[in-house]
Structures are given as structure tokens and as C-alpha cells.
Amino acid sequence: MTKLRKLAVSGFRGARFALPLDFSNKSKSLAIFGENAAGKSTITDALEWFLTDRVGHLWREDCKQEALRHVLIADGEDSTVAVEFNGDSLAGEKRLSSALKTSIDLANDNTRAVVEGLQDDRIILRHADIVAFLDQQKGAKRKAIADIIGYEEINKFRDAIQGTLNALKREPAYTGAKTNAETLAGDMVRDVGQIVPDRQAFLTFAQNIVAPFKLGSEITDEATFAEAVKALNAIGNSEEKIKKAQRLDQLAKSCTALAADITTFVRDVEAFVTSYNSLAKERESVNQLRLSDFLNKGQTVIESEDYIDDACPFCLSAYELGALQSEVAKRIDAMSAIQKRLDAAKTLKDAVLQAILSIEMQAKAIGGSYTDVTGFDDLSAATKTARKLLRAAHQGLTAAFDGLTVCEAPDGLDDYIARLQHCCETGAAKAQEEAGKLGLSEQEQKAATTLSSLRTLEGQVQDYERAQRVIDAYEAQILTLDAVFERFVTVQNAALQSVLDTISADVGKFYAKLHPDESVDNVRLTMVGEEGVEFQYAFHCKEVQPPRKYLSESHLNSLGVVLFLANARIFNTQAKFLVLDDIVTSFDTSHRRRLLRLLRDEFSDWQIIILTHESVWFEIIKREMAQHGWKFHEVCADGPNGIVLDDSPASLKEIIAQKKGKDDVTNDLRKLLEMVLKEICASLEVKVAFRFNEWNEKRMADELISQLKSTLGDKSPDLKKDAVFSDLAGSALVANLVSHHNADKIVGEDIDVLLEDIEKLVSLFSCPECERYISARIEVPGERAISCKCGKTQIPWK
Amino acid sequence: MAIEKIQSASEVLDAFMSEQAQDESLDQTTTAVIAGLRGDDKLTRTNLLRKLDEVRKAALKDATMQSEGGS
């Protein structure tokens, strides 16, 4: 796992000149303080850009590469971010030229692999990101969790199966085959009183209707069927006449059926055109339907009890709420009426399209299957012309409906359809007349009718089987995809739930550490419905979701922070470091301490980088984490020179080691003395004048020494006489630093003398054993004295 | 904390598809097409529709030849 050793930024964001951060070979954790707008986020941005080639919060605002270069960096000079990781020669430098071209040099392939691994890990948490997840819809939360754990592949699989399944169900070949099979089934029931689903059933049926002719043999297969047909044709005196009568009978039936269908078709077309074209002329109203969801959701918002503003919740324009509710309701009603009309038009359109296909098929059969029957040339010609126009009508109607344009029939369609109907009616009559002229006996007539029925049924069965094969081919796939999809949803949910359980274990544990003894318990992520994920928790033992229902802003922030920490600990495969950029703004002091302890206890082997603009929080971190080897820096903006980084003393030992021998440590010494005095005063409960907020933190050494001595005068007069107080009071540090901006420098041996004085002051009030200050709250039983926590160091105390 | 191993997306899908391949109630050609496209990292709606169309056409051709050859 990877940690940071060095990060050096130059010409990037707020850093005009080199801004080096050295985490040491031990990759120490680090806290950085900087006032608002001091430029500390430059460090976070630099790391994010180095790893991911983007800075999320800038890119979202469409501020890209040009926002990364320091505004005063010279043309021709590159912005650079150099990173060194722990491990063997893992380093790289990324540059952004003045032409906004990015280039990167990585030390080796191992570094490349590390950087690639880091790209998928959770490293940086900014305040703005904390509640982003909480504010997402349940479906988006689910997707976000799926993304975190790399389940895009699962989503992709599911989407491919579901998309294919839906598309297959709608394919015209499938829906057409189903409609065709239904029509044929209806025709068979009408003609022979039953559905004859296949060839074998047809042969059985054939046997039943030829039985009365007592032909002497039974139809059991194709050969015996052929023999039976031959025998039927041979009944009476003229085989040819029977055949002709049978064909004329079939033609008459076909013509009658088509003429009847045309009547229905013409009526349906008229109904569709009237209904649809009026809608197409109100195209703008129909287009407004896309706002239906929006308006319905808006209506829910403005009619909820929580919404009481006299303003549109979307654009915030002033609007009397009652009038807004009424207006929205009116628009929803209007859209509902349009939707109903559109749905009705679609039903009519589907019926018309189906009728066109059916008439076209029948016309094709009549025009192409009766070439052996002479004298029907007009009918044949009418079918050809009508078919051509019907195909054009089908295309035109589909395109008009899809494009919401007025539907117009192809030129001449009405006339040719009317002509086809007329030809069908006259053709049927003529066929019956021609059949009558053949002069068949009753037995011959029966044979001809039976043969005609068998021939018609044979064609219907063949078409029915063909349609059924198409349906079967589709349904084998559809049923399988349906089953696969349904099972996969279960598997996917189980996999996701397992992940949620794992995350929840840490989230619940971390949250409880931040908020012990509170009425919120058992915080976890759960599945909601089929498509959502939500936080759930027990509030006064009652299960509650979503989080915003009862949790305060501070608790919501906690939730966001613990989710990030849990995800990082569970799913990071490469990064063993975290950058927490201003994440505790809404936390009170006790919760900040608990967060530090959570980091200390659960992330003790991680490198943590905390950036903050709050001095109080920074001091808490110092107090709590200095003993755990953390480093501390402060950043400030130095006008045109960009941001400047300083060490921030956290302990006497550290300041001695770091500052001795350097040019100017005056400010550090002042801060150190103030810090020590503040700690002693706090521990001994020294009373000082009240001040607001950060001014309370900006007390100077002379005031603190004076108040400390005053308290000691009352409580421990001998200590007040200690020489260290007069030494400090007379030192250059206190004498000179009546102002935080005093320019006088303390140099040379004076530094050592002052450090010794400060150490003496610390040793006067602290325990060498437990390294804690003596506290006014720890009274030594039976004595007028107070002690440190371990009790080994005491001072007299009245 | 001992973190229970979380199955990767590929592991979840491998196990799932292998289970479906054993299920005789499903159309094995369809499951094979899905598995094949997934193996080639080409499982998309368009690709799956195309492959299934090819499979259907081949199956219909065979069925038509058998049926109409027999009658």
C-alpha cells in the first residue's frame, strides 16, 4: 500500500513558487492550517490533478487547465506537481505548459502501476463532497455504491440483458407473427370450428370431414391424404369440374372475407385520421407531455405540508402558493386529457397498421393463387395496384405518427381500395355464378366444398405453423432472457447487499465512535425497493430513513465522513493515505476530538493529511496528534508571491530541533511561548478577560504570564517567585512582542536562552513521567496541593 | 477488523453465468450467446440483438426445411 513521502508544487493554483511538502521517509501524517483563501487547497488540488488529470470541483464549474496555472507564472514556464511515494524509486512529475499541454514523467513502470492503482481509490474528501452522496436519490446512491465497488460491469450486464429483452418483445417480426397467428386461429375457428395447430392435426381433421364420403381408406399420413384428395376429386363424373368448383368456392370465400375487411379498414382509417390529425395539429400541446413527470413531481412538492413559500420552487419567482397549485393542477389535467387522446390514437394506429398488413396479404393471395381460375383479370389487377398503395400507406402512417405530423393517405388510395372492394364483391358473385353453371350433382357439390375447405385450411395451417415457428424462436430467447434477468436481479442485489453489509459494519462502528450515547444507533446502508440504496438507522429504537428525517447537519456530515472512511478502508487497494480538506466545519469540539480518536484508533497505520482553516481545530489536532508523530504546517498567502508554507510548532522538543540555528525564529518562539502559556493557564484554570472567538486565541505572552502569576499569587505564592517568570518577562521575546507584528528579531544565543526559559517554565508545571501538565482539577487528597494525571508531580495549591 | 472478501463484478458474473449454463430449462443457445459476447467483452444490447437474430434465422431455416420437407 502506498503513502506519500514528498509533494512539491510550483506555478500551480495558489503556489507561484516552489511549495515543498516533506512527509519524511516515514510518510508521516500532517495537519496544515491556513486562513480562508490562504491557498491550502492548492495542495489537495495538486494531488488530485497529479493522480486523475482533473480537479473535480473545478471541472464541474467548467474551469479546467487554465485554472490550474498560477496567474503570475511566466509564459514558457511550466506548472509542476512532483510526487514521491514510499517504496523503491516511486516518483513522478506532472507538468502543465503555458499552452495548457499536460505531460508526465514517471520514474518507472512500478510508479505507473502505483499511480493507476491510486486512481480508483478513495483518497480526497472535501467539505463540499461530504453530503453529496446523502443528497442523491436512492437510485443514484445505488449506482454510486456500485461505482465505488467497481460494479459497472454488473450494471452493464444487467442493462444489456434488460435492453435486449425489451427490444425483442417489441420487434415487429415477433409482434406481427403473434397477430398473424391470432388472426389465423380466428379464421380457422370461423371456417372449421376449431384451431388446427399443425400438419398432424390437419390430417386428423381431414380424416373427420372426408369420413362421410366412405372413401375406403383412412387418412393417417401424407400419402393417405393425397389418396383421399384424389378420391374426392374422382366422385361423380367430372374430376375437372369438381376441381374447378372447389377453386371457385375458395375464391368466392376469399373475396367475401377481403371485402368485409376493407369495410372495417375504411371505418378504422377514418376514425384514426380524425382523431390523430387533430392531435398532430396541436403538436405543441403534445410536445408539452414531456413536462408531465416534472409537473407531477413539482405538484407533490408544492402540495406537501413542508412547502409554504409563495414562490415557484424551481425558478424561485414570486408566485402566490394557492394560485401556483391551481395553475399546476390545471396544466396537469390538460396534459392528462392530451395523453388520453394520444393513447387512443396509438391504439387506432396499431389497428390500422395491422389491417393494412392483413389486407395486403389477402390481396396477394387472391392475386397470386388463382391463376388457374380464368375470367377474373380485373380482380387480379386491382389487388396489384392496391397492394402497392397499401405498402406506401403503411410507411407514410408510421412516419407521420413517429414525427407527429399530419397523416395523409397516398394519392388514389381511397379510390383503389374502393375499387378493390368492388372487384372482390363482384368477383365473389361471379365465382359463385360460375360454380353454379358447372351443374354439379349434390354429391359432387359436397366433394367440391370439402376439397375447398381442406385447401383453405391447409394454407391456414401452413401459415399458422410458420408464424408459430417465428413466435417459438423469439419466445425461447425472450423467456430465457426474462429468466436470466429476473435471476440476475436477485444475484446482483445479494452481491450488492453483501457489499452494503460490509460497508455498514464500518459505517455503524465509526458513527457510534463519533456519536456515542446518542439516540441514533445501528447506522447502515440498506437496499430500498428494487433500484435504490439508502442510509437507515434506529432513532430512539425506531427504524428510520432517509438520514435527513431526523439528523442534524452536523450528524449528516458525520455520516458522510464515516462513509468515506469506511469505503477507503474497505476498498482502497493502493492508497494508504487520505486527504481530509476542511471536513469538520459543522462539528463541535467534542466531535472533532472523537474524529481524531477515530483516526488514531482505526487508521493508526494510515497517513492522514488534514487541511483546515480553523485555528481551534488545528490546535486540537496538535495537542492530540503531536505525540503520535504528526507534522504540522501553516500556509499563508504572500500577495503576488503566492502561498508560503511554514512549519507549525507542536512541541517544545520539535521547535528546538527544527529552529535552532535558523535565520529567524522570532515568530516561532513567540507562538511556542504562547502555546505553552495557554496550556499551563488552561490546566491551572487561570482566569483571563473574556474575548470572542479567535480573539480568545490571540492572547499574547505578557498577558498570560501576568494572569498566571496573579493566580499563582493566590494559590501557590512560592511558585510565583520562581526566577523563570522574571527571566521571561525581561526577555527580548516578551519585551519586544507587544505586538504580533513586531519586526525585531531574536537571534544568536538569545534563542537558546529563550528556549531554556520556556523549557524551565514547562518543567515547573509538567510531569516528566506522564508528560501531562499539573491540573487544578486534580487535587491531592489530604493535602493542599494539585498534581498531574499520574500523581507523581505535585505543586502546593491553596 | 477482518474484512470479508467481497466478490468482484467478474466473479459474481462468472458464477452466475456458469449456473445458468447448467439450467436445462433455459434456451442454451441464448445463454451461450450471452456468455460468448461477455467473454469477448462485447456484451451490449446491439451486439446481443444481432447475435440472437442470427441464431433465430438459422433455427427458423432448419425448422422450415424439416417441416416443409416433411409435408
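A:Asp62 is exposed, at 56% relative accessibility (exposed means over 50% relative accessible area, buried under 20%, partly exposed in between, with a 1.4 Å probe and protein chains only). Its side chain meets that of A:Lys64 in a salt bridge, 4.0 Å from N to O (a side-chain nitrogen of Lys or Arg within 4 Å of a carboxyl oxygen of Asp or Glu). A:Lys64 is partly exposed, with a relative accessible area of 33%.

This is a predicted model: local features need pLDDT of at least 70, side-chain atom pairs count only at pLDDT 80 or more, and totals for chains, interfaces and linings use all residues. Residues are numbered from 1 along each chain as its sequence is written, chains are lettered from A and ligands numbered from 1 in the order in which they are written, and side-chain values use heavy atoms, leaving out hydrogens and water.

**Overall form**

- Chain A has 27 helices and 17 strands (DSSP runs numbered from the N terminus: helices are H or I with at least four residues, strands are E with at least two).
- The radius of gyration of chain A is 45 Å, whereas a compact globule of 798 residues would have one near 28 Å (taken over C-alpha atoms; the globule rule is 2.2 Å times the number of residues to the power 0.38).
- The C-alpha trace of chain A spans about 150 × 55 × 55 Å along its principal axes.
- Of the 798 residues of chain A, 47% count as buried.
- The accessible surface of chain A is about 38,900 Å², and 50% of that belongs to carbon and sulfur atoms (Shrake-Rupley method, 1.4 Å probe; for residues, only the protein chains shown count as cover).
- Among contacts in chain A with a separation of 6 or more, 66% come from residues 24 or more positions apart (contact means heavy atoms within 4.5 Å).

**The six-stranded sheet**

- An open sheet of 6 strands in chain A runs in the order 7-11-12-3-13-14, with mixed pairing (two strands pair if DSSP finds at least two bridges between them).
- Strand 7 (124-126) and strand 14 (643-647) of chain A stand at the edges; each has a single partner strand, so one side of each lacks a neighbour in the sheet.
- The twist averages 15° from one strand to the next (axes are lines fitted to C-alpha atoms, for helices over the stretch in contact, and angles run from 0 to 180 degrees between N-to-C directions).
- Strand 11 (residues 577-581) and strand 12 (residues 607-612) of chain A pair in the parallel sense over 5 bridges.
- A:Asp581 stands opposite A:Leu611 in strand 12 of chain A.
- Helix 19 (residues 615-625) of chain A packs on the sheet, touching strand 3 (30-34), strand 12 and strand 13 (631-637) of chain A. The direction of helix 19 makes about 160° with that of strand 13 of chain A.

**Salt bridges**

- The structure holds 49 salt bridges over all chains.
- A:Arg341 and A:Glu282 meet through their side chains in a salt bridge of 3.0 Å, N to O. A:Arg341 lies in helix 13 (residues 321-369) of chain A and A:Glu282 in the loop between helix 10 (239-280) and helix 11 (283-287) of chain A, so the pair ties together parts 59 residues apart in sequence.
- A:Arg341 is partly exposed at 32% relative accessible area, and A:Glu282 is partly exposed at 30%.
- A:Arg777 forms a salt bridge with A:Glu685, with the closest N and O atoms 2.9 Å apart. This pair links strand 15 (residues 775-779) of chain A, which holds A:Arg777, to the loop between helix 21 (666-683) and helix 22 (693-697) of chain A, which holds A:Glu685, 92 residues apart.
- A:Arg777 is exposed at 69% relative accessible area, while A:Glu685 is partly exposed at 38%.
- Salt bridges that share partners join A:Asp506, A:Lys509, A:Lys513, A:Arg569, A:Arg600, A:Asp601 and A:Glu602 into one network.
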